[in-house]
Amino acid sequence: MSEESFTDVSHTSWGGRIKTSFKGLLFGLILFLGAFPLLFWNEGRAINRYQTLKEGEGAVISISPDRVDPASQGRLVHLSGIADTRQTLTDGTFAVSLTALRLKRAVEMYQWEETRSTRTEKKAGGGEKNVTTYSYSRVWSSSLIRSSGFKRRSGHENPSSMPFPSQTRNATNVTVGAFRLSPALVQEIDNWKPVAVDASAPVPAALGSQGMIHGDGYYRGEDPGNPAVGDVRILFKAVYPGPVSLIAAQQGGSFVPYATKTGGTISLLQTGTHSAVDMFKTAHFHNRLLTWGLRAGGVLLMFIGLTLLLKPLSVFADVIPLIGNIVEAGTGLIAFVLALFFGFMVMGVAWIFYRPALGFFLMGVGTALVAWVIWRRKKAGNAAKAPLPPPVQTAAGGASISPSGQGPVPGPLPPPGPPPT
């Protein structure tokens, strides 16, 4: 919640806006062109990963973790077992010591945070009025917030550094049955659980006179219930021995990434007990998730780039704000359609390079999309230009004159009179 805020009003002339819009052309061009290799690379990466996983599904074998079988040397293997260690991990600064696979120290400091929101109002003549609201609140943050960049620094100063760094320690001797896990695999075990500090132990000297035990961790400050800027709280988490499942290449009594014929590698680890089929399903899901995320990101870069490239048009039209708004909406629609079109084209070309049938389909989708938008706009324009029917003229006596001018058209018949007696 905001504790303090103030508003700053600035004005930008039409000439200044034109100059800024032209400066944005280069940045827009970089974004637009940079999206092409990103999208092309992403399609190649997605296909390669898919083929890698499919090859792995056909090559994997399940083994027992109880013994190292030389016959499985170099093969892609799947196993489930207890990731265990006898190694003790110690945080020397705070005297926290326990037997675990991983130990994390999480440090947070109470600091000022600045947020800003800007509202823009167009003025006649092409200028703009910018109303920016700066809000300041105090938050717990695990990273340093530099107050030197605040709009209003006075009264919102933060410490210049974190008093203690956050850090993670990993056991170097982790086994699953008869096998030993590599450091890279150990780092993938992430089922963290909180660690409570020993309440009977003395407060570490590094915390100074204001140090205390608070909750499950340590606190440095006068009053945890009413924190002040610069107060610090420190918590600990650990990954304890537990079940894991992995798929990788067996190399002696350990594991390395499995190299496939497609040029990719496979090294999968999940906490818990999972079959090879389920692990590959999860890997395919993550691949699709990453693929669509990068696709959306690439098209968004194209849209932003095209918006910047077309920005000078709406700025020029802003001499009359209403016309500028219409032009801005039109250029936004054009940028959106072109971003989709070029995005589908790049994906199509990439798939033609890797998989021709689907590539031509994607290119067809992009072309059909643009054609549909053009057709809709043309249809709407024709409807607006269609002539109205001629007005119907009324002759004396209430008769209507036909549009062809051939004479009066009989009007409505009078109501029938009373029946004869």
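At 53% relative accessibility, Arg-67 counts as exposed, where exposed means over 50% relative accessible area, buried under 20% and partly exposed in between (1.4 Å probe, protein chains only). This is a predicted model, in which local features need pLDDT of at least 70, side-chain atom pairs count only at pLDDT 80 or more, and totals for chains, interfaces and linings use all residues. Residues are numbered from 1 along each chain as its sequence is written, and side-chain values use heavy atoms, leaving out hydrogens and water.

**Salt bridges**

- The whole structure holds eight salt bridges, each a side-chain nitrogen of Lys or Arg within 4 Å of a carboxyl oxygen of Asp or Glu.
- Arg-67 pairs with Asp-69, with the closest N and O atoms 3.8 Å apart. Asp-69 is partly exposed at 26% relative accessibility.
- Glu-4 pairs with Arg-152, with the closest N and O atoms 4.0 Å apart. Glu-4 sits in strand β1 (residues 4–12) and Arg-152 in the loop between β7 (128–141) and β8 (167–170), so the bridge ties together parts 148 residues apart in sequence.
- Helices (H or I, at least four residues) and strands (E, at least two) are DSSP runs, numbered from the N terminus.
- Glu-57 also forms a salt bridge with Lys-54. Both lie in helix α1 (residues 14–59), three residues apart, which means about one helical turn separates Glu-57 and Lys-54.

**Nonpolar cores**

- A nonpolar core is a set of buried Ala, Val, Leu, Ile, Met, Phe, Trp, Tyr and Cys residues joined through side-chain atoms within 4.5 Å.
- The largest core has 36 residues; Ala-83 and Phe-94 are among those that touch the most other members. Strand β14 gives the most to this core, with five residues.
- Ala-83 has contacts (heavy atoms within 4.5 Å) that include Leu-101, Leu-181 and Ile-189, not counting residues up to four places away in sequence.
- Another core, of 12 residues, lies apart from it and includes Val-60 and Met-279.

**Helix α4**

- The 34 residues of α4 should span 50 Å at 1.5 Å a residue, and its end C-alpha atoms are 49 Å apart, which agrees. The expected span is 1.5 Å times one less than the number of residues.
- Buried residues in α4 include Gly-324, Met-345 and Trp-351.
- Ile-323 lies in α4 (residues 321–354) and is partly exposed, at 42% relative accessible area.

**A loop residue**

- Ala-95 lies in the loop between β4 (88–91) and β5. Its phi is near 55 degrees, a positive value in a residue other than glycine.
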